[in-house]
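Hi,

Here is the structure I promised to pass on. Have a look at it first, and then read my notes below.

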Amino acid sequence: MRMTFTRAILVLAAGIVLSNTAAAQTPVYKCVDAEGRVEFTDSSRRGCKPLDLGYLPPAAPRASAPIPAVRPSSPPPAAAVSPAAFPRVDSAQQRERDNDRREILHDELRSEEKKLADLKREFNNGEPERQGNERNYAKYQERVSGMRDDINRSERNVEALRREIANLR
């Protein structure tokens, strides 16, 4: 189906009219020439009528509260005080929690290192044994690639656990 030039202009103009950005920037006029062709434009000419697009300009930004001036001699702001009903943990209990966390992280590290050692042993320096269902070399290569990915992931996990343990107090 072939679209006439007038229809193309009409569709384009309708797109501009419906576009919020175009409506926000400038008024839109509907012009009808002597032959009855309709044109939408952003400039007013003879025979053009402004369109009411029902667009309301955005509200002017509200002035925010003035920022108080900071005097150089003023003391630094006090640390945030927790509410009176906020639960507190005594230092002995916190130390116990930290020790539990350290123990959990060490357990995770040991299990991840064991997993890494098993993966490397099975990987056999890039030449793992072929399995019975891997007569096709592409299947074997796919499994080897997956093994490499597993080893890399496990090495990253070990590094992350070691960093976490080093960051403990």
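One term before we start: buried means under 20% relative accessible area, exposed means over 50%, and partly exposed is in between (1.4 Å probe, protein chains only). Also, this is a predicted model, where local features need pLDDT of at least 70, side-chain atom pairs count only at pLDDT 80 or more, and totals for chains, interfaces and linings use all residues. Residues are numbered from 1 along each chain as its sequence is written, and side-chain values use heavy atoms, with hydrogens and water left out.

So, S154: it's buried, at 1% relative accessible area. You'll find S154 in helix α4 (residues 137-167); helices are DSSP runs of H or I with at least four residues, strands are runs of E with at least two, and both are numbered from the N terminus. Beyond its neighbours within four places in sequence, S154 is in contact (heavy atoms within 4.5 Å) with E112, K115, L116 and L119.

Now the sheet. It's open, with three antiparallel strands in the order β2-β1-β3; strands pair if DSSP finds at least two bridges between them. Because β2 (38-41) and β3 (48-50) are at the edges with a single partner strand each, one side of each has no neighbour in the sheet.

β1 (residues 29-32) is joined to β3 by three bridges, with C31 opposite C48 and K30 opposite K49. Four bridges link β1 to β2, and V32 has V38 as its bridge partner there. In β1, Y29 and C31 make up the covered face, while K30 and V32 are on the uncovered one.

Cheers
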